[in-house]
Amino acid sequence: MPRFPDGFLWGAATAAYQVEGGNAGSTFAAWEKVRGWEPCGLAADSWRRWPEDIRCLRELGLGAYRFSVEWSRVEPRPGEYDEAALARYREQVRALAEAGIRPMVCLHHFSEPAWLYELEPSGWTSPRCAGYFLRFVERVLAAFQGEVRDWLTFNEPMVWLLLGYGLGHFPPGLRSLFSLERVLGENGPQGTVLRAHEEAYRLIHRAVPAARVSVAQNIVDLRPASGDPADARAVRDLDLLMHGRFLDRAHAAKTLDFIGVNYYTGIFVRAARLPLFPAGALPGYAELERALGPRLFRLLGGRRGEAPRSDMGWEVVPEGLGRVVRRVWAAYGLPIFITENGVADGTGELRAAFLQDHLAALRGEIERGARVLGYLHWSLLDNYEWGSFRPRFGLYSVDRAGDFARRPAPGARAYADIVRENEGGL
Ligand code: FCB
């Protein structure tokens, strides 16, 4: 594979709730009981074992680590901050720096304090949620004392709002099946989230003038299910609803220093025959096929592709990463950071080729002129995939039944080789 440019950052990503363990004050801890999900419990026990995680990063030769700060841990009760928890995060930031690993901190990765919804039952529909969030952001900034330069305000705001405020699958479990467009539009909670992002951007830059700030936007490679122009229109409208509008508005407000892209898969999109689906699009998400059942899904015109599928049922579409990067670069002209990309691969047969093929597609776009700052693999460790430990995204497995030992998973070696081949850059 041709080499990546000088200074390109190679790394891995996790999120607090998925790896730390012991986050009993999170909305998800309560939600697991309501939904009968497998409990997250100690997760990968990274709250205590984070030095081992840094050893894993070093073993792979990585130079960047994306993690998140758990709001419910830092602010266990409204207005009460746990200084010891903040000090522990600061210690981790310093240890990363000493190991030559650049931290990227995400301030909101799905999990929130349960008290937030006791105070605000309609959640982010109320502008007060933005106020609570920004107060937390200020505390984190004070604790990190200017030592973190790379920031994400929100992880996948559109996915989170769709699942939590539209489909009722995530906390707070609000369901608005017949008004998804409103939920995802700027007059719904998205508007409050966007304002919180913009204000957080300003706070971060005030505290860290050299900061680089963005959101991590989940972007799916959308392709029309047929040559019918109606399908092409459905692609365009769904792309705007799920990907474009939030970024467009944040970009117009000059609150993106780069674009964080989480890329996992590609789907086919059909113009919906029934007016049930937002943006008039019937998207070929694996989850929708599962929810409707394959027969009804097909009857409605749904189409899945032929590519191999991961354990999530997501198709492996490496060239889709190239197409997404091309579109984002053309639309914004801002540097791009791949903030997540990975594969649930229990047998270990997919990951090495997944990495090689996705990175080849990414390299191709860099050659065509896109500016890409780095690549963060999801995930460093096997972790809690929002309801279950079964999907295995980790470069390292975690012996959860025993001593939580971290062991390289298939594909970890392939990643380390790619990173080593690129040492020193072009
Ligand atoms: C993304 C999430 C991340 C993880 C991966 C598989 O949507 O940001 O937490 O669950 O998917």
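In which loop is Glu156 found? I located Glu156 in the loop between strand E4 (150-155) and H8. Helices (H or I, at least four residues) and strands (E, at least two) are DSSP runs, numbered from the N terminus.

**Basis of the entries.** I note that this is a predicted model, in which local features need pLDDT of at least 70 and side-chain atom pairs count only at pLDDT 80 or more, while totals for chains, interfaces and linings use all residues. Residues are numbered from 1 along each chain as its sequence is written, and side-chain values use heavy atoms, with hydrogens and water left out.

**Backbone entries.** I looked up phi for Glu156 and found a positive value of about 40°, although Glu156 is not a glycine. Glu156 is buried, because its relative accessible area is 7%; buried means under 20% relative accessible area, exposed over 50%, and partly exposed in between (1.4 Å probe, protein chains only). I also noted Trp386, which is not a glycine and has a positive phi near 45°. Trp386 lies in the loop between E11 and E12, and at 9% relative accessibility it counts as buried.

I then turned to cis peptide bonds. One joins Pro171 and Pro172, with omega about 5°. Pro172 sits in the loop between helix H8 (157-166) and helix H9 (180-184). Another joins Trp378 and Ser379, with omega about 10°; Ser379 is in the loop between strand E11 (372-378) and strand E12 (396-398).

**Cysteine entries.** How many disulfides does a search of the whole structure find? I recorded zero; a disulfide is a pair of cysteine sulfur atoms within 2.5 Å. For Cys40, the nearest cysteine sulfur is that of Cys106, 16 Å away. Cys40 is buried at 2% relative accessibility, and Cys129 is buried at 0%.

**Helix entries.** I examined helix H14 (residues 318-332) and helix H15 (residues 351-368), whose axes come within 7 Å and cross at roughly 30°. The axes are lines fitted to C-alpha atoms, for helices over the stretch in contact, and angles run from 0 to 180 degrees between N-to-C directions. H14 is therefore roughly parallel to H15 (angles under 35 degrees count as roughly parallel, over 145 as roughly antiparallel, 65 to 115 as roughly perpendicular and the rest as oblique). Residues of H14 that meet H15 include Leu321 and Val325, and those of H15 include Ala361 and Leu362; contact means heavy atoms within 4.5 Å.
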